[in-house]
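Dear colleague,

Please find below the structure that I am handing over to you. My findings are set out after it.

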Amino acid sequence: MIFNRFERLVARRYLRAKRKEGFISVITGFAFTGIALGVATLIIVMSVMNGFRSELLTRILGINGHINIVAAGGMPFDNYRAATDEIKSFDNVANAFPLIEKQLLVSSGQAAEGAMLRGLDKEDILHKDALRKGMENANLDQFSGNVVIIGYRLALKMGLVPGDEITLISPNGKITAFGTVPRMKSYRIVGTFDFGMYEYDSNFIFMPLATAQTFFGMKDAVTNIDVTLKDENRLEETREAIAKSIDPAVYIFDWRQSNSAFFNAIDVERNVMFLILTLIILVAAFNIITGLIMLVKDKGRDIAVLRTMGATKGMIMRIFFMDGAFIGFVGTALGLVLGILFCDNIETIRQFLQNLSGRDLFSAEIYFLSQLPAKVDAVEVTFITLTALLLSFLATIYPAYRAAKMDPVEALRYE
């Protein structure tokens, strides 16, 4: 056994501070609390960053595909049927469908908003889980002809409900002798969608593909082909294969290019937060050093007596090492439990604090998502726990070594 019963007994007694040692107990309490809060905060922040990235990526790829193909120069994609069939033949392609995506103005009564219109077939909505689930409040059986489905936030902003009519105005209108006349037409709302992403719920409108082709005067053409893959890890390989097989006069983008700046910013912020919050644990470790050094100084006479009774330097060192290690271990364990419990109930806690303060603590307009996500990564949590334990154990070495090197004669002389 590494620590014998005598060493454990003495270490346990030293952790119970007497009244005259209250200041040492306070420092030990700060070290314990600092490690617990540091570990818990680090786990919570890293989990929220992981959850935010994962949830955002899942929803983006759920609404959009992994690869987006656009005709060069903004020209209509008139051979999209053959291209779509060719793309579907690849073994790593789960789904591919044509769509029209254009910006326009939405008007209804006194309200007007800019929006992005996306035209696609009902069958393509049903084949994409995120689109189908987000449109549970919409009647897809009526999704044909001159109808639209709009985001619920856009409907709230404009005071619209299913059954109302909106007027769509496209700046790409007809060219006449008097100039370009914007395209305008009214459509009936057959439902709203909720994807849980502010950008889509407040700005997007869905329309049947044939209706969109008629509205924009594109005849039998589209603007994009959306491609969803089975294995995201083979994205580069599949993208190169698609580029070789279809018309070279197209642009091929993947989700990484479309969202690179955004996800790079998340990764940078995540790394910086990890570095900053690790300093909290480091500060707590220094508190362990301070507390143990003061404990060693206060227990100088005790150490001298133990030495004269036969205690070796190794025994003295292990006694104080156990004290510091106990503080670090229990603090880390408490922080681990608090961090995981907080992450498991983070949305409930947010709602409680939001109701208590009367303020929106996670604004969808700023953070894109309507709920606060958290994803606990077991590997990351293990790394945080081991880092905290390592810093705590390292913090005990110097005070324990100083106690072991203390000269019993000198300690008794000055007492």
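Predicted model: local features only at pLDDT ≥ 70, side-chain atom pairs only at ≥ 80, totals over all residues.

Residues are numbered from 1 along each chain as its sequence is written, and side-chain values use heavy atoms, with hydrogens and water left out.

Overall composition. The chain has 17 helices and nine strands; these are DSSP runs numbered from the N terminus, helices being H or I of at least four residues and strands E of at least two. Of its 415 residues, 46% count as buried (buried means under 20% relative accessible area, exposed over 50% and partly exposed in between, with a 1.4 Å probe and protein chains only). Among contacts between residues at least 6 apart in sequence, 79% join residues at least 24 apart, a contact being heavy atoms within 4.5 Å.

Strands. Strand β2 (residues 93-108) is joined by six bridges to strand β8 (residues 224-229), and the two run antiparallel; strands are taken to pair if DSSP finds at least two bridges between them. In this pairing, Phe-97 stands opposite Asp-226 in β8. β2 also pairs in the antiparallel sense with strand β3 (residues 111-119), over nine bridges, and here Ser-107 stands opposite Ala-112. The hairpin of β2 and β3 has two residues between the strands, and Gly-109 takes a positive phi near 65° in it.

Aromatic rings. The structure holds ten aromatic pairs. Rings of Phe, Tyr and Trp (its six-membered ring) pair if their centres lie within 6.5 Å, and planes under 30 degrees apart count as stacked, over 60 as edge-to-face and the rest as tilted. The pair of Tyr-187 and Phe-215 is edge-to-face, because the ring centres are 5.9 Å apart and the planes stand at 80°. Tyr-187 belongs to strand β6 (residues 179-193) and Phe-215 to helix α8 (residues 209-215), so that the pair links distant parts of the chain, 28 residues apart. Both Tyr-187 and Phe-215 are buried. Phe-193 and Phe-195, by contrast, form a stacked pair, with ring centres 4.5 Å apart and planes at 25°. Phe-193 is buried at a relative accessible area of 1%, and Phe-195 counts as buried at 7%. Ring pairs link Phe-193, Phe-195, Tyr-200, Phe-204 and Phe-206 into a cluster.

Helix packing. The axes of helix α12 (residues 300-308) and helix α13 (residues 313-344) come within 10 Å and cross at roughly 145°. Axes are lines fitted to C-alpha atoms, for helices over the stretch in contact, and angles run from 0 to 180 degrees between N-to-C directions. Ile-303, Leu-306 and Arg-307 of α12 make the contact with Lys-313, Ile-316 and Phe-320 of α13.

Two individual residues. Gly-314 lies in helix α13 and counts as partly exposed at 30% relative accessibility. Its C-alpha atom is 9.7 Å from that of Lys-405, although 91 residues separate Gly-314 and Lys-405 in sequence. Thr-382, found in helix α16 (residues 378-404), is partly exposed at 43% relative accessibility.

Yours sincerely
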